[in-house]
Amino acid sequence: MDKFRMVFQFLQSNQESFMNGICGIMALASAQMYSAFDFNCPCLPRYNLAYGLGILLVPPFILFLLGFVLNNNVSMLAEEWRRPRGQRGKDPAVLRYMFCSMAQRAMIAPVVWVSVTLLDGKCITCAFCTSVPMETLGNASHPGLSQGEMKQVLARIPCKEIYDGQELIDNEVAVRYLRCISQALGWCFVLLMTTLAFLVRSLRPCFTQAAFLKSRYWSHYIDIERKLFDETCAEHARSFAKVCIQQFFEGMSTDLADTCCHPPRKAPADVGEAAEKLLGITDQGTMNTALKSWHRCKPPLHLHPPALASGNGWAGDGQPPAHPPVPRREAAAYYSRV
């Protein structure tokens with residue numbers, strides 16, 4: 001259990017590097033999935049376009065959603081977006097920064113899939129084989145074929161084993177033409193994505209440096225605050241359980257002492273330390289009220305000397321405590337001593 005806890009703490013402390021590694025693994029997995037995918041074009045005029053574009057666009061959308069699912073910050077973003085304002089306002093710039101950071105990582109695997117698919121050329125060949133220019137590449141004046149029959153023959157271009165229109169257009173000519181267009185689109189897509197990534201990662205902080213630093217700082221603060229709150233709740237729950245179990249066994253010991261005339265045993269010293277960590281919250285109702293208050297009315301981001309603060313404001317239904325103003329000299333003297 002301790003080893004798993006150490007691994008979990010290591011992943012939490014290196015969350016950004018861990019998420020970058022997950023995105024890289026997903027990108028490699030998407031390329032491997034496409035190479036292992038058995039592409040079977042239906043070779044029918046009504047289904048070629050839907051099948052080709054479906055293979056090109058549907059898996060990237062699934063990978064994009066999967067990138068959000070594997071990101072631990074999605075729940076934090078949703079919680080920060082939906083929480084009541086309370087004593088702490090919500091900055092839309094911070095929420096946009098958090099969403100854009102997650103979206104950038106989630107787009108890596110879809111971009112790799114689309115790039116590999118276009119450079120391979122099978123999807124474009126299957127989707128647009130009926131749109132081959134017959135005037136320049138084939139025999140557009142072939143006798144005895146209507147427009148529908150011609151499309152029926154062209155739809156079989158991706159399937160060499162059943163293609164029977166060599167007198168209309170050569171199969172290799174049509175495939176090379178469509179694959180050339182697909183690869184050109186693929187390299188243009190790679191160039192476009194690389195340029196956008198360069199602009200987002202390099203030039204955006206230069207033009208909005210102050211806003212960028214502010215958004216990044218408070219996004220880190222929200223992440224760290226949530227982790228520390230979870231750790232504090234876990235420590236409180238552990239101390240609560242220890243004291244509760246100890247009180248149960250003390251009660252059992254007292255009952256046994258009354259019936260069997262055995263002296264009750266003293267409580268160990270660590271139970272007293274656990275009771276001190278409860279911070280006065282010693283029943284379920286008070287704990288539920290504190291948790292609801294944390295969600296409904298988080299404390300303001302304005303620190304006071306600990307001796308002058310009298311509460312968090314949750315006991316008064318979310319109203320801020322009426323603290324007297326702290327003189328500047330007293331506050332300066334306090335922080336100089338600290």
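## Annotated spans

Residues 49-72 are 88% helix and 0% strand, with 37 Å between the end C-alpha atoms. Helices are DSSP runs of H or I of at least four residues, strands are E runs of at least two, and both are numbered from the N terminus. The model is predicted: local features need pLDDT of at least 70, side-chain atom pairs count only at pLDDT 80 or more, and totals for chains, interfaces and linings use all residues. Residues are numbered from 1 along each chain as its sequence is written, and side-chain values use heavy atoms, leaving out hydrogens and water.

The unreviewed UniProt entry places "transmembrane region" at residues 21-37, 49-72 and 181-200; such annotations may be inferred rather than shown by experiment. Residues 181-200 are 100% helix and 0% strand, and their end C-alpha atoms lie 29 Å apart.

## Aromatic pairs

The whole structure holds seven aromatic pairs (ring centres of Phe, Tyr or the six-membered ring of Trp within 6.5 Å; planes under 30 degrees apart are stacked, over 60 edge-to-face, the rest tilted). One of them, Phe68 with Phe99, is stacked at 5.8 Å centre to centre and 25° between planes. Phe68 is in helix α3 (residues 48-69) and Phe99 in helix α5 (residues 92-106), so the pair ties together parts 31 residues apart in sequence. Phe68 is buried at 16% relative accessible area, while Phe99 is partly exposed at 42% (buried is under 20%, exposed over 50%, partly exposed in between; 1.4 Å probe, protein chains only). Phe64, Phe68 and Phe99 form one aromatic cluster.
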